[in-house]
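This report describes the strand pairing, helix packing and salt bridges of the structure shown below.

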Amino acid sequence: MLHTDNNLSTIKHEVLISVAKHAFQGDLEQSVEQIPYNLIPGPQANFRCCIYKEREIIRQRVQLAQGHSPSGGQGNRNIVQTITAACEGCPITRFTVTDNCQRCMGKKCQQACNFQAITMLPNRAYIDPAKCKECGMCAQACPYNAIADLIRPCKKSCPVDAITMDENNIVVIDEEKCIHCGSCIKDCPFGAISDRSFMVDVINLIRSGKEVYAMVAPAVEGQFGATASIGILSKAIEELGFTGMFEVSLGADFTAASEAEEWYEAYKEGKKMTTSCCPAFVTMIKKHFPTLLDNVSTTGSPQMLTSMLIKKLHPNAITVFIGPCIAKKSEVLDYVMTEGATDYALTFDELYAMFKAKDIDLNSFGENKQQGSIYAKNFAVSGGVTAAVVQALKEKEADTDFKVQACNGGAECKKALMLLRAGKLPADFIEGMNCVGGCVNGPGSILTGRAAQQNRTKLLATADNRGVLDTVKQYEELGIHTHVR
């Protein structure tokens, strides 16, 4: 199922598979100290300076896979965590003089520096990292663009400036700012940032015989190959020990129908609103634009509404969201006291590890079925939420003559929210998705890009033409309360 030459992905999955295998066997506690030695037998190092560092990195990854902080203690309980042993290799000096330096007579870089950090060597200028304050004035002043701005990839990718470095140049993630989007996880070339997992908790619940239901995100089509339909995945997930599986597209239809009503009323009142589906986007508003909380849709996310539906059908159910999104783990924790809310969240790569740990071959299953509409399935792509809401309004025969700004990625989300806060947003509504391209490119995905899209297109071509309201009417008698805020 997984085809990659990315060493980081391979190592991460090997750790998850090992932890999952021992968890299913019931001997994780006795085996946990041996996993680093099994994965890094030595005597030669594979990627780092020595096998001891490699084993320490594996040890910290094992801690995360168990739901702990990398250090093994309680520590920072943020979903996104730094693997300190792996946080190396990035440029310590942000501004570096390149070979483009002409050692010109004007010395504009030196004149621009207010901290006397620049001196002239025989062949080029030199920036003293001990004096440099990273203001960037030298880079702006250089007429030859000879000074490179080497921002750490994790810091550069963070849309909310939640990443700094400590006195040892190890990444520190500010929990008060972090929106759990996982951009830093995707962009760190050393695999030094990862997320805490609920996988062991879920496996233990399955082994205990509890009534555990999986809920797969609308982005699932295409993740496990071009033939892994919803029906096939459902059978495979039941082989893992889950009681059953539901599509989160069920909840997405409820979300689209509910937000359609909210948007229609807000539009008549002249009020601008945002969607509530992407937890990283909603957290961005909570932490960085709190004055806009009244503009956020009160409708629950598809994940939450699917869980509520399952628990109406099965009162003893424990629900587990499975998708590409790391921020869903924080959403679970945020709404732990809400009636009917999701109990746990896993990523697709954690589900993949569970399949591998149990030697489950998806090719051995051959059934297909569909639970949500094609509009709900396309919640996974940028613009999909808007399309579903518009479809719901059309099915209600309501006015759809409004303008929506579909924000594709964290930077666009932040810009649109700044305009909304300033009263200058031209659109009537904001669809916010922190991952560029939508959930299909989430940090917990197995496949992204062209390969995933080709698989997904093939699978979605078999979907029927049911409408958004067809799903809602099917479960209308359950009385799902769609507003949670």
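Strands β12 and β13 pair in the parallel sense over 4 bridges; two strands count as paired if DSSP finds at least two bridges between them. Helices (H or I, at least four residues) and strands (E, at least two) are DSSP runs, numbered from the N terminus. The model is a predicted one, in which local features need pLDDT of at least 70 and side-chain atom pairs count only at pLDDT 80 or more, while totals for chains, interfaces and linings use all residues. Residues are numbered from 1 along each chain as its sequence is written, and side-chain values use heavy atoms, with hydrogens and water left out.

Contact here means heavy atoms within 4.5 Å. Axes are lines fitted to C-alpha atoms, for helices over the stretch in contact, and angles run from 0 to 180 degrees between N-to-C directions.

The sheet is open and consists of 4 strands in the order β10-β9-β12-β13, with parallel pairing. Strands β10 and β13 stand at the edges with a single partner strand each, so one side of each lacks a neighbour in the sheet. On average, neighbouring strands of this sheet are turned by 25° against each other, direction ignored. Strand β9 is joined to β12 by 5 bridges, and the two run parallel; Val 216 has Ile 322 of β12 as its bridge partner.

Strand β12 is mostly covered, with 6 of its 6 residues buried. Buried means under 20% relative accessible area, exposed over 50%, and partly exposed in between (1.4 Å probe, protein chains only).

Helix α14 has 6 of its 8 residues buried, so it is largely enclosed by the rest of the structure. Its buried residues are Ala 327, Lys 328, Lys 329, Ser 330, Glu 331 and Val 332. These buried residues pack against β8 (193-195), α12 (279-288), α13, β12 (318-323), β13 and α15 (348-357).

**The three-stranded sheet**

A further open sheet has 3 strands in the order β11-β15-β14, with parallel pairing. Strands β11 (273-274) and β14 (404-408) are at its edges, each with a single partner strand, so one side of each is left without a neighbour in the sheet. Strand β14 is joined by 5 bridges to β15 (residues 429-433), and the two run parallel. Cys 407 has Gly 432 in β15 as its bridge partner.

**Helix packing**

Helix α11 (residues 249-269) packs with helix α17 (residues 384-395) at an angle of about 75°, their axes lying 8 Å apart. This angle makes α11 roughly perpendicular to α17. Angles under 35 degrees count as roughly parallel, over 145 as roughly antiparallel, 65 to 115 as roughly perpendicular and the rest as oblique. Helix α11 contributes Ala 256, Ala 257, Glu 259, Ala 260, Trp 263 and Tyr 264 to the contact, and α17 contributes Val 385, Thr 386, Ala 388, Val 389, Ala 392 and Leu 393. The contact residues comprise 10 nonpolar, 1 polar and 1 charged. In this scheme Ala, Val, Leu, Ile, Met, Phe, Trp, Tyr, Cys and Pro count as nonpolar, Asp, Glu, Lys and Arg as charged, and the others, Gly among them, as polar.

**Salt bridges**

The structure holds 17 salt bridges, each defined as a side-chain nitrogen of Lys or Arg within 4 Å of a carboxyl oxygen of Asp or Glu. The table lists examples.

| Salt bridge | N to O distance |
|---|---|
| Asp 149 and Arg 94 | 2.6 Å |
| Lys 377 and Glu 247 | 2.6 Å |
| Lys 311 and Asp 343 | 2.9 Å |

Lys 311 in helix α13 (residues 302-313) and Asp 343 in the loop between α14 (327-334) and β13 (344-347) are 32 residues apart, and the pair links distant parts of the chain. Asp 343 is partly exposed, with a relative accessible area of 29%. Salt bridges that share partners also join Lys 12, Asp 195, Lys 329, Asp 349 and Glu 350 into one network.

Both Lys 377 and Glu 247 are buried.
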